[in-house]
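Please look over the sequence and the structure before reading the points below.

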Amino acid sequence: MSEHDERRDTVDQIDLDQWVKVWDEQRTFQADGLTDQDATAGDDRKRSYIVSMYPYPSGDLHMGHAEVYSISDVIARFDRLRGLNTLNPIGWDSFGLPAENAAIKRDLHPRTWTYDNIAVQAASFKRLGVSFDWRTRLHTSDPEYYRWNQWIFLKLFDQGLAYRKASPVNWCPKDHTVLANEQVIQGKCERCGSVVERRNLTQWFFRITDYAQRLLDDMDQLQGQWPEDILAMQRNWIGRSSGAHVDFRIVGREEPVRVFTTRPDTLYGATFFVVAADAPLALELVTDEHRAPLQEYIAQLGGTSEVERLASDRAKTGVFLGSYAINPVNGEQIPIYASDYVLADYGTGALMAVPAHDQRDLDFAKAMNLPVKTVVDTGEADPAETGVATAARGTMVNSGEFDGLNSGEALPAIIAQLEKQGVGQGAITYRLRDWLLSRQRYWGTPIPIIHCEDCGEVGVPVDQLPVRLPESGFSLKPDDNQSPLGTATEWVNVECPKCGKPARRDTDTMDTFVDSSWYFLRFPNPDYTEGPFDPEGVKRWLPVDHYIGGKEHANLHLLYARFMTKALHDAGLLHFVEPFRRLTNQGQVIMEGKAMSKSLGNIVNLQEQIAQYGPDAVRVTMIFAGPPEDDIDWAAVSPAGSVKWLNRVRRLASLVPAESLGADPATGDQALRRRVHVLLDEITQKMEGGRQNVVIARLMELTTLLQQAVDGGLGAADPAVREGVEGLVIALSCFAPFTADDSWVKLGHEPSVATTSWPKVDKSLTVADQVTCIIQVNGKVRDRLQVPAGITEDDLRTLSLESDAVKKAVGEATIAKVVVRAPKLVNIALAR
Ligand code: ANZ
Ligand code: ZN
């Protein structure tokens with residue numbers, strides 16, 4: 001049969017739209033008691049809240065969407081069949097830059113583009129048969145949603161967790177907006193690929209660094225439930241370092257400069273001092289004579305990413321500032337340099353350089369011809385000669401009173417001495433920076449702050465929320481000095497809520513990561529008007545039991561959502577501190593080994609696949625391709641094969657006659673039942689373990705087994721056949737909902753199969769066959785034991801010697817020999 005015929009077989013025979021209608025009408029996928037909680041007051045069923053990361057409406061759904069929602073849908077459908085009250089929500093992450101850029105290109109309002117795409121995606125989700133509870137639907141670009149973004153912002157603002165500061169930031173010259181560090185990939189804008197510039201700008205931040213330690217500590221709760229690599233990436237991103245702060249006095253300056261070091265034990269080896277060239281400190285420490293070269297150096301810095309700046313294999317550059325720092329432990333004056341290998345916003349933006357024991361410092365020392373002084377003897381060759389810094393522990397040398405100590409002991413001793421002298425203390429630093437959330441674009445949540453000359457930053461009173469985006473009177477075309485909201489003069493100019501004087505609205509909008517840091521809290525009641533989320537709904541459904549989405553969010557979204565959850569918990573609004581109990585990251589759908597991209601021209605169109613093979617076959621193919629975490633190479637899978645299998649299931653279902661409906665399976669063929677139940681048992685276990693691809697393989701086996709039973713003379717009417725086919729169809733409904741419901745009706749049932757129960761495995765049928773074993777003592781039968789047919793000789797020997805009848809027959813005698821013929825006979829010979 002050609003592929004073309006296969007396609008007709010599926011698409012023509014199953015009326016997809018009709019099934020979507022049935023499920024809608026029967027409210028098949030609605031969680032119980034979502035809106036009317038009294039209705040389930042006495043309901044002690046466990047609840048299950050399955051969330052897949054909500055989509056961005058960039059166009060129609062693509063293959064990646066089909067994959068992630070296929071995976072999460074299997075989990076939700078399985079839970080529902082297992083009798084859990086299951087909530088599987090859907091919403092849209094509908095603010096963001098692409099809408100705005102598309103709108104500029106097409107001369108539309110970003111809203112038009114966005115909501116048109118949402119409508120297209122919603123229809124596609126229905127065509128795919130994803131079992132969402134549509135009552136949860138939310139769009140973050142609705143004023144009803146972003147109002148609460150503003151409310152949360154103000155809450156954090158009141159608690160000092162939202163603040164504005166000037167700092168060097170990443171600026172995309174093409175998108176005309178700042179970018180978070182996370183949005184800069186190898187020095188380029190994640191969105192448009194332009195080389196990112198460094199600019200000193202005043203921006204809004206959330207104080208996520210206050211939560212750095214808790215973000216680390218609470219990972220204990222996630223251990224074993226989140227993929228290990230994601231936990232490692234988060235740990236790395238938070239980047240905890242312990243060491244000391246040391247204050248260096250500066251010659252001719254009142255105020256000392258503080259550095260952070262992880263190696264206070266190397267303090268005697270500091271031979272120079274380096275500050276970040278782009279930190280204001282560099283301009284403070286430079287002498288007049290050296291100002292011009294410094295400014296020239298700073299001018300060349302733009303565009304180099306942090307990763308590149310820190311890279312150890314990068315040639316070191318810098319300029320002398322003409323000033324000197326004084327080493328607090330020995331009073332030595334060391335020259336101060338500015339360089340780009342020191343980051344302005346890590347630690348204190350300044351470091352003591354110990355070239356003997358830090359490779360970057362050594363490279364810089366070589367480039368600038370500065371002295372190298374070994375203070376920890378590690379037994380390795382002299383760094384000054386080899387050019388290789390020694391980082392290991394060793395014996396202290398050239399370090400005054402600490403000489404001879406092991407450097408591991410010297411480290412706390414030096415910290416203690418610094419503390420005693422009031423020039424330093426033990427310290428912990430995190431690589432994590434505060435979350436830069438302001439953006440200079442239109443299509444986002446307006447920041448609800450009014451700037452007043454007298455009162456400063458004043459929060460918009462909550463009863464005036466939402467601060468709606470202006471509908472007109474603004475220009476979407478961004479320029480360097482004015483963000484789109486800044487051009488909306490009428491909207492900008494308001495009265496100060498505190499003093500009534502003329503004031504100006506903040507013209508920035510929030511990064512969409514703010515929207516997505518709490519959306520999962522609102523799903524249980526997206527129309528709630530008393531707060532960002534319904535406390536009752538949150539109590540019933542949160543935290544999320546299983547969160548499914550892409551690995552690309554390991555450092556961004558997941559960290560922000562964890563932070564927001566903790567901040568809202570601290571504000572007394574949540575009863576938990578971690579939002580997602582369990583996390584699964586699906587792989588990507590790729591083509592011939594490569595990520596799909598327009599430039600490679602290898603994009604597989606989801607709608608074409610659905611049109612050709614039907615939604616079920618596309619879903620089954622996605623799942624069958626491998627474990628959820630693995631990439632799927634669409635060139636290596638066979639949707640046509642899936643179509644064939646699904647058609648086999650449907651044919652099988654149509655063969656089972658009505659007369660066996662309701663028949664007791666125990667009256668059917670027991671040999672077939674045993675094999676069916678062994679498979680169903682394994683299928684259940686693999687479902688629980690999340691090995692969805694293995695489940696498909698077993699379901700295919702089950703199909704073949706049942707087909708052979710029918711063809712092989714047992715006949716389709718045997719109650720054991722019906723039992724097997726029904727089990728197959730119920731389990732299949734997690735993967736191929738249209739085919740399963742179509743088959744369920746063929747089997748004589750009312751729809752929907754999704755409202756039935758997961759097949760019950762009869763454990764007595766899954767144990768291996770038993771045989772009777774005869775136990776003889778000196779040739780006389782003394783006992784008969786029921787043993788598994790596959791029992792080992794050792795087990796059988798032990799078992800027979802434990803038999804009471806055998807013990808009695810042996811009495812005080814000594815056993816001379818035990819001959820075991822597993823599984824049927826054991827002969828025990830006694831000594832004479
Ligand atoms: C002296 C020293 C001696 C250092 C030694 C290391 C080894 P982590 O581990 O990543 O936290 N450092 C401090 N502030 C810096 C900045 N703003 N930009 C770049 N580097 C900075 O790194 C901490 C170490 O990185 C600090 O310890 C400091 O160098 C450097 F044998 O101080 B160390
Ligand atoms: Zn005022």
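In this predicted model, the zinc ion (ligand 2) sits in a tetrahedral site, with angles of 103 to 116° among its 4 donor atoms. Ideal angles for four tetrahedral donors at a metal are 109.5 degrees.

**Zinc site**

- The SG atoms of Cys452, Cys455, Cys496 and Cys499 coordinate the zinc ion (ligand 2), at 2.1 to 2.4 Å.
- The spacing of these donor residues in sequence is C-x2-C-x40-C-x2-C.
- Cysteine 455 belongs to the loop between strand 21 (449–452) and strand 22 (456–459), and cysteine 496 to the loop between strand 23 (493–495) and strand 24 (502–505), so the pair ties together parts that are 41 residues apart in sequence.

- Cysteine 455 has a relative accessible area of 26% and is partly exposed.
- Cysteine 496 has a relative accessible area of 4%, which is under the 20% cut-off, and is therefore buried.

- Strands of a sheet pair through backbone hydrogen bonds, either parallel or antiparallel.
- Strand 28 (residues 589–591) and strand 29 run antiparallel and are joined by 2 bridges.
- Opposite methionine 591 stands lysine 594, in strand 29.

Conventions. Residues are numbered from 1 along each chain as its sequence is written. Chains are lettered from A and ligands numbered from 1 in the order in which they are written. This is a predicted model: local features need pLDDT of at least 70, side-chain atom pairs count only at pLDDT 80 or more; totals for chains, interfaces and linings use all residues. Side-chain values use heavy atoms; hydrogens and water are left out. Two strands pair if DSSP finds at least two bridges between them. Helices (H or I, at least four residues) and strands (E, at least two) are DSSP runs, numbered from the N terminus. Donors are N, O and S atoms within 2.8 Å of the metal (3.2 Å for Na, K and Ca); water is not among the atoms, so sites may look incomplete. Four donors count as tetrahedral if all angles lie between 85 and 135 degrees; four count as square planar and six as octahedral if opposite donors are over 155 degrees apart and all others between 65 and 115; anything else is irregular. Buried means under 20% relative accessible area, exposed over 50%, partly exposed in between (1.4 Å probe, protein chains only).
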